Amino acid sequence: MPSAKGELFATTHWSVVVAAGHDLTPAAAAAAERLCSTYWYPLYAYIRRLGYDVEDAEDLTQGFFARLLEKNYLAQVDRQRGRFRSFLLGCLRHFLADRQDCARAIKRGGRCTFIRLETQSAEEQYRQEPHDEMNAQRIYERRWALTLLECAEARLRQEYVAAGKAALYERLKIFCTGAEPTSPLTYAELGNLLHLTESAVRCAAARLRRRFRELVREEVAHTVTLASEIDDEIRYLIAVISA
């Protein structure tokens with residue numbers, strides 16, 4: 001199956017923030033929207049864990065992204081130090097410190113009207129977080145890791161749908177991670193359902209697993225500045241999820 005490296009994935013998160021300091025082209029605006037939607041919930045969960053209520057956490061998250069894209073925060077740091085997740089969290093902490101003397105956060109609007117507001121579903125998700133086990137930073141990093149995996153899985157599904165193999169994906173998606181994950185059905189039983197041989201199902205599962213890992217690597221690559229940092233960041237992602 002060919003790689004789906006469209007224009008949406010042709011830039012890193014760093015370069016999106018850099019571009020936001022100037023006039024956004026349609027492609028840059030689309031990339032900025034994707035960046036904001038990717039990090040919206042991890043940052044919202046971080047703010048909620050600090051003790052802010054639902055409404056204030058929503059307004060602060062919105063206001064932060066407005067400030068991030070309008071003020072070009074990236075110019076204030078050395079891109080060669082740290083990871084984008086750490087940079088973003090540092091910017092948020094600075095933003096929250098600036099807002100402590102304000103009774104309300106920046107309201108929605110400005111150039112960030114493209115950020116989709118899904119506060120109700122975000123809050124429902126937040127209520128399912130393990131409140132006694134994670135501080136604000138740990139919940140942010142775990143949600144960052146899971147969001148990258150979700151983005152990779154969504155892209156993988158889109159590729160299979162585009163190739164007319166949606167049914168194959170739905171049956172085999174359980175094999176995305178791990179060498180031999182537990183499945184309610186054997187390869188032979190899946191083969192009967194898919195009208196494929198057991199050997200063909202094994203090969204298809206291996207291809208799906210390999211492609212998923214490639215997409216995870218691409219997602220991680222968007223968050224670093226050097227190719228040499230990708231493997232370390234993937235190891236960190238695995239550690240965060242496994243903790």
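Where is Thr225 found? In this predicted model, Thr225 sits in the loop between α9 (198-221) and α10. Let's start from that loop, then visit a helix crossing and the nonpolar core.

- Thr225 and Arg83 are 142 residues apart along the chain, yet their C-alpha atoms are separated by 8.0 Å.

**Where α6 meets α10**
- Helix α10 covers residues 230-242, and helix α6 covers residues 136-162.
- The axes of these two helices come within 9 Å and cross at roughly 115°.
- That angle makes α6 roughly perpendicular to α10, because angles of 65 to 115 degrees fall in that class.
- The crossing in which α6 passes α10 is left-handed.
- On the α6 side, the residues that take part are Glu141, Arg142, Trp144, Ala145, Leu146, Leu148 and Leu149.
- They meet Glu233, Tyr236, Leu237, Val240 and Ile241 on the α10 side.
- Sorted by class, this contact between α6 and α10 has nine nonpolar residues, three charged residues and no polar ones.

**The largest nonpolar core**
- The largest nonpolar core has 59 residues, and the ones touching the most other members are Tyr39, Phe64, Phe65, Leu92 and Leu172.
- Helix α2 (residues 26-49) gives this core its largest share, twelve residues.
- Leaving aside residues up to four places away in sequence, Leu172 touches Leu190, Leu194, Val201, Ala204, Ala205 and Leu208.

How values were computed:
Residues are numbered from 1 along each chain as its sequence is written. This is a predicted model: local features need pLDDT of at least 70, side-chain atom pairs count only at pLDDT 80 or more; totals for chains, interfaces and linings use all residues. Side-chain values use heavy atoms; hydrogens and water are left out. Axes are lines fitted to C-alpha atoms, for helices over the stretch in contact, and angles run from 0 to 180 degrees between N-to-C directions. Helices (H or I, at least four residues) and strands (E, at least two) are DSSP runs, numbered from the N terminus. Angles under 35 degrees count as roughly parallel, over 145 as roughly antiparallel, 65 to 115 as roughly perpendicular and the rest as oblique. A crossing is left-handed if the near helix is turned anticlockwise from the far one by less than a right angle, and right-handed if clockwise. Contact means heavy atoms within 4.5 Å. Ala, Val, Leu, Ile, Met, Phe, Trp, Tyr, Cys and Pro count as nonpolar, Asp, Glu, Lys and Arg as charged, and the others, Gly among them, as polar. A nonpolar core is a set of buried Ala, Val, Leu, Ile, Met, Phe, Trp, Tyr and Cys residues joined through side-chain atoms within 4.5 Å. Buried means under 20% relative accessible area, exposed over 50%, partly exposed in between (1.4 Å probe, protein chains only).
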